[in-house]
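Subject: Structure handover

Hello,

Here is the structure I promised you. Please open it first, then read my notes beside it.

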Amino acid sequence: MSKKQPNRLAQLIDHQAFAGSALPQTLANNMRLYIEATNEIKELLVDCLPEEILNTCWVVGLSPEQLILSVSSMTAANHIRYLHSSYLQILTEQSITFKQLKQIRVVVAKSSADNYSSKQSSASSLHLPNSRKANENQALSQNTKRTISQAAEHVTTDENLKKALLRLINH
């Protein structure tokens, strides 16, 4: 008797399980729990946390009394630490999941894309001491010029800014 194949809209975890490459059950359960907790945090704190912090905030640890959040910058981490008691109060008062919460810890985790680009830039600056100057003098791509032009024409109402943007793309 063979397993029934999941449909194309099934979750990635279901497809992996069918393919025999599923995560160990405890890890899969933790992942689901953290994703659900992350979604709940984002709903509860949508009016409190700036959007750029919310977009990079993930639950990476959860016990009844402690929540561990991962953010992408030290600034975001400091923001959450500074307003720790306010966020803790909101979570404990408005959620059954976080009812017994006593502490929110924050860790900074750079995404792999960030790490890759920072390694690339540091590697290039090691080999080319004038690389920053070279980048400043590079011509803007056509795509960038088009974007700036559209912003100048359709988004900006300030005439001085509009003129400056148009000078930038013609320079």
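A strand, in these notes, is a DSSP run of E with at least two residues, and strands are numbered from the N terminus. By that rule, tryptophan 58 is found in strand β1. Keep in mind that this is a predicted model.

**Overall layout**

The protein has nine helices and three strands. Read from the N terminus, the order of elements is α-α-α-β-β-α-α-β-α-α-α-α. The chain holds 171 residues, and 23% of them count as buried. The exposed surface comes to about 12,800 Å². Carbon and sulfur atoms supply 53% of that area.

**The core**

Start inside. Nonpolar side chains tend to be buried together in soluble globular proteins. The largest nonpolar core here has 23 residues. Which of them touch the most other members? They are Leu67, Val71, Ile80, Leu91, Phe98 and Ile104. Six elements each supply at least two residues of this core: α2 (25–44), α3 (51–56), β2 (66–71), α4 (74–82), α5 (84–94) and β3 (103–108). The most comes from α5, which gives four residues.

Look at valine 71 next. Set aside its neighbours within four places in sequence. Valine 71 then contacts Ile53, Thr56, Cys57, Ala76, Ala77, Ile80, Val106, Val107, Val108 and Ala109.

**Helix α4**

Turn to α4. Its buried residues are Ala76, Ala77 and Ile80. They cover an arc of only 100 degrees around the axis, so they sit on the same side of α4. What does this buried side pack against? The buried residues of α4 pack against α3, β2, α5 and β3. The face turned away from the buried side carries the exposed residues Thr75 and Tyr82.

Serine 70 has its place in strand β2. Is serine 70 buried or exposed? Buried means under 20% relative accessible area. Serine 70 has 8%, so it counts as buried. Leave out residues up to four places away in sequence. Serine 70 then touches Thr56, Cys57, Trp58, Val60, Val107 and Ala109.

Serine 72 is in the loop between β2 and α4. Serine 72 and lysine 110 are 38 residues apart in sequence. In space, their C-alpha atoms are 5.2 Å apart. Beyond its neighbours within four places in sequence, serine 72 is in contact with Thr56, Val108, Ala109 and Lys110.

Met31, Ile35, Trp58 and Val60 make a nonpolar surface patch of about 340 Å². Both α2 and β1 supply at least two residues of the patch. Take tryptophan 58 as one of its members. Its relative accessible area is 43%, so tryptophan 58 is partly exposed.

- Proline 64 lies in the loop between β1 (58–62) and β2. Exposed means over 50% relative accessible area. Proline 64 has 52% and therefore counts as exposed. Proline 64 and glutamine 100 are 36 residues apart in sequence, yet 5.7 Å apart in space, C-alpha to C-alpha.
- Threonine 92 lies in helix α5. Its relative accessible area is 18%, so threonine 92 is buried. Not counting residues up to four places away in sequence, threonine 92 touches Phe98, Lys99 and Leu101.
- Cysteine 48 is found in the loop between α2 and α3. With 29% relative accessibility, cysteine 48 counts as partly exposed. Cysteine 48 and serine 86 are 38 residues apart in sequence and 9.3 Å apart in space, C-alpha to C-alpha. Cysteine 48 touches Tyr87 and Ile90, again not counting residues up to four places away in sequence.

Best wishes

Terms used
Residues numbered from 1 in each chain as written. Predicted model: local features only at pLDDT ≥ 70, side-chain atom pairs only at ≥ 80, totals over all residues. Heavy atoms only, no water. Core = buried A, V, L, I, M, F, W, Y, C linked by side-chain atoms within 4.5 Å. Buried < 20%, exposed > 50% of the residue type's maximum accessible area, 1.4 Å probe, protein only. Contact = heavy atoms within 4.5 Å. Areas by Shrake-Rupley, 256 points an atom, 1.4 Å probe, with all protein chains shown as cover. Arc of directions from axis to C-beta. Patch = residues over 30% accessible without salt bridge, like charges linked within 9 Å, V, L, I, M, F, W, Y side chains within 5 Å. Salt bridge = Lys/Arg side-chain N within 4 Å of Asp/Glu carboxyl O.
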